[in-house]
Every structure is written in C-alpha cells, then in structure tokens.
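Please look at the sequence and the model first.

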Amino acid sequence: MNVDELLSRMRDEKKLGASQAGFLLNLHERSAYSVHREMRFLLYIGILLVLAGVGMTIRKYFVDLGDMAVVSALSLCAAAAFVYCFRKGGGFDCGEVASPSIAFDYVLFFGCAFFAMDIAYVETQFHVLGDGWKNYLLISAALFLFFAYRFDNRLVLSLALSTLAAWFGFTLSAHRYFSFAENYRLYAITYALIAGGLGILSRHLDIKKHFFDIYLNFSIHFICVAFISGIAEHKLFSLYFPALMLVCALLAFYAVNVRGFLYLLYAVIYGYIGISIVTVDLLHRQTFFVFAYFIFTSLAVIGLVFKMSRKFREAS
C-alpha cells in the first residue's frame with residue numbers, strides 16, 4: 001500500500017478529516033511546501049540592508065544632521081524596538097519559547113544593532129569614556145545576553161558572544177604586557193573555553209538548554225582556528241596538531257551521539273585542514289605530490305561527507 005492509498009483509506013475510515021488528508025497528500029506530492037526559512041532569510045537580509053543604509057547615511061550626512069539629531073534618531077529606533085518586544089513577547093521561561101511572529105526575532109536584533117550604533121556614535125563624537133571605551137563592548141554584550149535569554153533569541157545570543165569576543169580581544173591587546181599579535185592563539189583558546197563553559201553552565205542549570213549549540217559552535221570555531229594557526233606556524237612538532245586531532249575526534253564522537261551532522265562536518269573539515277598543512281610541509285612543497293595529494297584526498301573527503309550525510313539521514 002502506497003502513501004496515497006493509505007491516506008485515502010484513513011480518510012474513508014474517518015481517521016483523518018478531508019482537509020487533513022488533502023494537506024498531507026499535497027505535502028507528499030510536494031505541491032505544498034514551507035517557505036518559513038526563506039522568509040526568515042529575507043527578513044535578515046532586509047534588516048542588514050536597513051542597518052547598512054543607516055550607517056552610510058550617518059557617515060555621509062552627520063555634519064548636516066547634527067549630533068543630537070543622530071543620537072536621538074538612533075535611540076528612538078532602539079527604544080521602539082525594545083518596547084515592541086516587551087509588549088509582544090511572552091514572559092520569561094527557562095525552556096524554549098516560541099516566537100510570537102516571524103518578524104519578532106529580527107525586530108529585537110534590529111533594536112540591539114541600533115543600540116550598538118548609538119553608543120558607538122556617542123563615543124566617537126564625545127569620547128565619554130576615553131581610554132575605557134572598550135567597556136561599551138562589555139556593556140553591550142551583557143545587554144544582548146539579557147535580551148537573548150529574556151526573549152529566547154539565538155540570533156541576539158550570537159551577537160552577544162561576538163561582542164564579548166571583541167571586548168576580550170581589545171582588552172587583552174591594550175595591556176602593555178600583552179602583545180595580541182604574538183598571543184592571539186592564547187586569546188582564542190581562552191575565549192573558546194569561556195564560551196564553552198558558559199554553555200555547559202547554562203545547560204547544567206537547565207536555563208535555555210537549547211542555547212548550548214550556539215555556545216558550542218563559537219567554542220569550536222575559535223579553538224580549531226587557533227590550533228590550525230599554531231600548526232601553520234609550528235607544523236607537526238608541536239602540541240597544536242595532536243590537540244586539533246583530539247578536538248576533531250571528540251567532535252565526531254559527539255556528532256554520532258547527538259545525531260548532529262554539522263559537528264561531524266566540522267570535525268572532517270578542520271581535521272583535513274590540519275592534516276593537509278602537515279602533509280604539505282612534509283612533502284617540502286613538491287608541486288606534483290602536493291597536487292596529487294589534494295586531488296585524491298579532497299575527493300575522498302567529499303565522498304566521506306556525502307556517505308555520512310546519507311547515514312545520518314537514514315538514522316533520523
């Protein structure tokens with residue numbers, strides 16, 4: 001019995017209504033499909049275009065507009081977005097909360113972006129904090145983190161973690177005993193551990209456990225890029241190579257356990273980059289062997305990714 005016959009039988013037996021059966025049949029025949037992701041993507045692009053337009057307008061006409069007009073307009077936009085979110089959003093819940101509408105998350109992101117532009121403009125024009133301007137980043141990160149948890153917004157959480165990373169880097173680079181150019185890997189590894197620790201803590205306390213993947217993604221990218229940078233500089237004979245291989249192995253193990261193909265993809269890509277750097281160095285950049293290596297291994301990696309992707313789909 002195929003799907004069409006099964007749906008017709010369930011409709012005849014009154015186990016499904018006529019409208020339900022018709023809807024399921026349309027889904028099966030792919031005559032009806034969701035455009036939810038496409039709408040969210042278009043809204044995100046629209047917000048970015050609006051922000052880009054506002055930034056270009058301020059840059060070009062801020063002398064004619066005047067400082068107070070710019071600050072007032074940016075503050076009003078940010079305040080309007082936040083008021084809308086508090087009025088339309090539900091109460092706080094430690095679990096996952098559905099968004100009131102498809103545009104809600106982007107209005108909140110819009111408000112946070114305008115807040116960031118507002119304080120950046122104030123500090124640029126008036127130098128309120130002087131050398132302590134980096135504290136604006138910390139204040140912004142804390143505010144964005146609050147909004148992310150208050151309104152269950154992954155996009156704003158990503159903005160908060162990015163802002164925290166910027167504050168972390170600027171703060172370390174400003175220290176007279178710390179050379180960021182020489183120790184950026186230490187900064188990246190430390191930040192990765194902090195982000196991962198925050199995610200683990202949030203999950204352990206059962207507060208927005210679904211945010212764990214956002215924290216984990218930031219942690220993975222920062223620590224893997226740091227290790228790859230170390231491998232590129234020190235090659236095989238350093239702790240960076242085995243450290244990267246260990247991280248990739250843990251990622252693959254985690255991906256299999258949680259059925260998360262994305263983490264397996266991270267493990268394969270970062271592991272392949274690290275191994276390739278070491279291999280090219282061992283081949284002493286001999287053009288023919290390097291060329292042959294990348295041809296065969298890239299095809300093998302692509303085949304492995306497609307094979308694992310099929311297995312993950314079958315398992316789910």
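## Helix packing and nonpolar cores

H4 passes H6 in a left-handed crossing, where left-handed means that the near helix is turned anticlockwise from the far one by less than a right angle, and right-handed that it is turned clockwise. This is a predicted model, in which local features need pLDDT of at least 70 and side-chain atom pairs count only at pLDDT 80 or more, while totals for chains, interfaces and linings use all residues. Residues are numbered from 1 along each chain as its sequence is written, and side-chain values use heavy atoms, with hydrogens and water left out. Helices are DSSP runs (H or I, at least four residues), numbered from the N terminus.

| Pair | Axes come within | Crossing angle |
|---|---|---|
| H4 and H6 | 11 Å | roughly 25 degrees |
| H5 and H6 | 11 Å | roughly 165 degrees |
| H10 and H11 | 8 Å | roughly 160 degrees |

With angles under 35 degrees counted as roughly parallel and over 145 as roughly antiparallel, H4 is therefore roughly parallel to H6, H5 is roughly antiparallel to H6, and H10 and H11 are roughly antiparallel to each other.

Phe-82, Cys-85 and Phe-86 of H4 make the contact (heavy atoms within 4.5 Å) with Phe-146, Phe-147, Arg-150 and Phe-151 of H6. The crossing of H5 and H6 is right-handed, and the H5 residues that meet H6 include Phe-104, Leu-108 and Glu-123. The crossing of H10 and H11 is left-handed, and its contact residues divide into 15 nonpolar, two polar and no charged; here Ala, Val, Leu, Ile, Met, Phe, Trp, Tyr, Cys and Pro count as nonpolar, Asp, Glu, Lys and Arg as charged, and the others, Gly among them, as polar.

A nonpolar core is a set of buried Ala, Val, Leu, Ile, Met, Phe, Trp, Tyr and Cys residues joined through side-chain atoms within 4.5 Å, buried being under 20% relative accessible area with a 1.4 Å probe and protein chains only. In the largest such core, of 37 residues, Leu-108, Val-156, Leu-157 and Tyr-191 touch the most other members. Helices H4, H5, H6, H7, H8 and H9 each give two or more residues to this core, and H5 gives the most, with nine residues. A second, separate core of 25 residues includes Phe-241, Tyr-263, Leu-264 and Tyr-270.

Notes
Buried means under 20% relative accessible area, exposed over 50%, partly exposed in between (1.4 Å probe, protein chains only). Axes are lines fitted to C-alpha atoms, for helices over the stretch in contact, and angles run from 0 to 180 degrees between N-to-C directions. Angles under 35 degrees count as roughly parallel, over 145 as roughly antiparallel, 65 to 115 as roughly perpendicular and the rest as oblique.
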